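Thanks for making the time this morning.

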Amino acid sequence: MTELETEVVVAGAGPTGLMVASELALAGVETLVLEKLAERSRQVKGGGIQPRTAELLELRGLLEPLLSRATSREPVGGHFAALPVPLDCTPWQTRHPFPIAIPQWEIEEVLEERAVKGGARVLRDAGVTGVAADEDGVVVTADGLQVRARYLVACDGGHSTVRKLLGLPFPGRPGTHQAVLADIQLTSVSPLVPQQLGHMSTLTRQAGGYWAMTAPLGDDRYRLTFGRTGPADETALTEFDRDAPVTHDEIAAALEAVYGPETTLGAVANASRFSDATRQLEQYRAGRVLFAGDAAHIHPPLGGQGLNLGLQDAFNLGWKLAATLQGRAAQGLLDSYHTERHPVGAQVIHHTSAQRVLADPHPTKDVAALRDIVVDLLRLPDANRHIAGLMSGLSLHYPLPGDHPLTGHRLPDAELHTATGTTRLSALFASGHAVLLDLTGALPSDLRLPPGIDLVRAACAEGLGASALAVRPDGYVCWATANATADVDVDELRAAITDCIAK
Ligand SMILES: Cc1cc2nc3c(=O)[nH]c(=O)nc-3n(C[C@H](O)[C@H](O)[C@H](O)COP(=O)(O)OP(=O)(O)OC[C@H]3O[C@@H](n4cnc5c(N)ncnc54)[C@H](O)[C@@H]3O)c2cc1C
């Protein structure tokens, strides 16, 4: 048995684990990622980056390398329950108003590259099989390895081994529908098969007892999701075996039913089954073990939320865990990960439950009536703005203490003019530090801010709604004032800012 020591072990090299590792590495924390699979799965799975996630990735300079790998997609807003009304994110003042389509494995590749460049190590073929945690740290066992660390971050997916090893319940609702996700090649297509990646409502179709969602990926490749349109079959689901192989004939039958016999199946690159089960951990922290991504919450994949939720968990957790390990965290900072992120996961579970009903492939007359009404509502700008904010993540805010209306909110990526030139707000966060932004030049220069907080003086023609603001490394305002002045009480100001970030 090889024995290793590190500061943080991350279980799972999916998007969440790799984002956590990348954030920790950026902060100089020694991080080891243990991944069960010997090689990355090339299954497309999650493929949509929502606008708020795009903004967060841009804070770390990760959006550009991802955009260069994006699948070409019509510039059209996201969807709610696949209803035929695009969601309009422009009222939320974002530079990325449309979902971005990138296969999940490509996102993982970019994140892993960044994490490794920052100094994190990724060991494959090293599935976690044992965890012993005490007050000072954890001992994690993986095939042939024993690793001592100060914290374990479990990002090992919906069937989390770590969760099971710790005996933590995963309360929620079992699935009622099952479906198949497959990356396929089509050797011939009928005109019914979508040829351009556009609004979700243009990619879905029902016929012959099946529903299908087909996303063209280029070069005759498609990402096909399908299921039966019969009423929910509870018995079938109790016997649902997600590991049962998906056969070529099964996929061909669904394709023929939905798109006609002219549509013929070629190679199947990979295929798997999933259900619409919904579950959430009661606590995202169990002592020295923290949970993020699907290990902490699962829900129906409607609306492309899961990968985004996981990446945003990671953005919330990474800097807090680093500050805790480096002895510079404000009191209770690490526990605020659960306090802030659990309600966000619960909200996604709430709206995907509603979407599940609205998108029911076998709707009752009542559900069909409800759907008509929701479609009408989505055409009203205020309702559309509300749902667009929810689905894109742009309306997300945290209930942070402070009187200023910006506290706890994101900021638009405004253009800033500094002594060294013109830049954007997003460009100030590449180091993973928090930023104290002085927009009038009024703050004294002897603030003696603790490490991890950069003072930036800039002018902003658009106006950000405050004269000085402190923005956390994850892009949320934690302090703001309308009247920054040179004779401000420096101790009070420093205390107010560092209370929500670091001491
Ligand atoms: C059909 C479908 C479509 C989807 N579409 C979208 C979408 O458009 N947008 C979106 O945001 N989300 C989407 N999702 C959801 C998204 O794929 C997941 O939410 C996302 O993969 C979660 O990432 P994760 O890193 O938390 O977990 P995973 O991606 O599940 O990664 C967990 C990792 O842990 C590893 N692991 C497991 N056990 C162990 C162990 N014992 N030790 C070490 N490693 C282990 C696994 O091999 C894996 O690499 C979709 C999901 C499905 C099924």
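Let me start with His199, which, leaving aside residues up to four places away in sequence, touches Val76, Gly77, Gly78, His79, Leu83, Pro84, Val85 and Pro86. Please keep in mind throughout that this is a predicted model. His199 itself lies in the loop between strand S12, residues 178-188, and strand S13, residues 204-207. Is His199 buried or exposed? Its relative accessibility is 5%, and because buried means under 20%, His199 counts as buried.

Tyr210 and Phe226 form an edge-to-face pair, with 6.2 Å from centre to centre and 65 degrees between the planes. Tyr210 lies in strand S14, residues 210-218, and Phe226 in strand S15, residues 221-228, so this pair ties together parts that are 16 residues apart in sequence. Both Tyr210 and Phe226 are buried.

The other pair, Tyr398 with Tyr476, is also edge-to-face, at 4.8 Å centre to centre and with 65 degrees between the planes. Here Tyr398 lies in the loop between helix H11 (381-392) and strand S21 (415-418), while Tyr476 lies in the loop between strand S25 (468-471) and strand S26 (477-481), so the pair ties together parts that are 78 residues apart in sequence. Tyr398 is buried, and Tyr476 is buried as well.

Rings also meet charges in this model: the charged end of Arg42 sits over the ring of Trp105, 3.9 Å from its centre, and Arg163 lies over the face of Phe170, at 3.5 Å from the ring centre.

Finally, let me step back to the whole chain. The protein has 12 helices and 26 strands. Its radius of gyration is 23 Å, close to the 23 Å that the globule rule gives for 503 residues, so the protein is as compact as a globular protein of that length. Of those 503 residues, 54% count as buried, and of the contacts with a separation of 6 or more, 72% are between residues 24 or more positions apart.

Note on methods. Residues are numbered from 1 along each chain as its sequence is written. This is a predicted model: local features need pLDDT of at least 70, side-chain atom pairs count only at pLDDT 80 or more; totals for chains, interfaces and linings use all residues. Side-chain values use heavy atoms; hydrogens and water are left out. Rings of Phe, Tyr and Trp (its six-membered ring) pair if their centres lie within 6.5 Å; planes under 30 degrees apart count as stacked, over 60 as edge-to-face and the rest as tilted. Helices (H or I, at least four residues) and strands (E, at least two) are DSSP runs, numbered from the N terminus. Buried means under 20% relative accessible area, exposed over 50%, partly exposed in between (1.4 Å probe, protein chains only). A charge sits over a ring if NZ of Lys or CZ of Arg is within 6 Å of the ring centre and within 35 degrees of the ring normal. The radius of gyration is taken over C-alpha atoms; the globule rule is 2.2 Å times the number of residues to the power 0.38. Contact means heavy atoms within 4.5 Å.
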